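Here is a walk through one protein chain and its ligand.

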Amino acid sequence: MTTDCIFCKIIAGEIPASKVYDDDRVLAFNDINPQAPTHVLVIPKRHIESLATVNPEDGDLLGHLLTTASRLATDLGLAERGYRVVFNIGEDGGMAVYHLHAHILGGRRMAWPPG
Ligand code: 5GP
Ligand code: ZN
């Protein structure tokens, strides 16, 4: 737990969140400011700052995070029409919360290139 990290506080139960999935390694919850009809964040329970700071030893956890995102998207009814999974990294990537998270966005047509 990193004390001033808002996502660590959600994991610790100190800040409420609308949880979608929870296991020993990852947590998924609805984004507080959704950018699509479905907007879920999937985070590792261990604090990792961003995709820019992962190590080879994090591979199993990242694999679990992505396969969980895939299953959740299917369970949320997004797989047939499609959806987007996004990692924002650093300032140019538009990152606001420095605890690694995958955004699952779906329920509307996405634009490309992204803004
Ligand atoms: P980033 O820009 O870092 O990739 O995305 C951070 C996301 O976290 C944003 O979409 C923002 O709406 C969401 N967020 C920030 N604080 C909270 C919070 O306290 N609860 C929830 N559920 N989402 C949050
Ligand atoms: Zn954290």
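Which side chain has an N or O atom 2.5 Å from an oxygen atom of ligand 1? The side chain belongs to Asp31. This is a polar contact, meaning a pair of N or O atoms within 3.5 Å; within protein, one must be able to donate a hydrogen and the other to accept it, and residues adjacent in sequence count only if both atoms are side-chain atoms.

The model is predicted: local features need pLDDT of at least 70, side-chain atom pairs count only at pLDDT 80 or more, and totals for chains, interfaces and linings use all residues. Residues are numbered from 1 along each chain as its sequence is written, chains are lettered from A and ligands numbered from 1 in the order in which they are written, and side-chain values use heavy atoms, with hydrogens and water left out.

The backbone also meets the ligand. An N or O atom in the backbone of Asn30 lies 2.9 Å from a nitrogen atom of ligand 1. The backbone of Ala96 places an N or O atom 2.7 Å from an oxygen atom of ligand 1. Alone, ligand 1 exposes 520 Å², and the protein buries 84% of that (Shrake-Rupley method, 1.4 Å probe).

Now take the whole shell. Ligand 1 is surrounded by 16 residues, each with a heavy atom within 4 Å. Among the closest are Asn88, His101 and His103. Two elements, α1 (6-11) and β2 (26-30), each give two or more residues to this shell. The largest share, 3 residues, comes from α1. Helices are DSSP runs of H or I with at least four residues, and strands are runs of E with at least two, numbered from the N terminus.

Step back to the fold. The protein chain has 2 helices and 5 strands. Along the sequence they follow the pattern α-β-β-β-α-β-β. The C-alpha atoms fill a box of roughly 35 × 30 × 30 Å, taken along the principal axes.

End past β5 (102-106), in the segment that holds Pro113. The peptide bond from Trp112 to Pro113 is cis, with omega near 0°.
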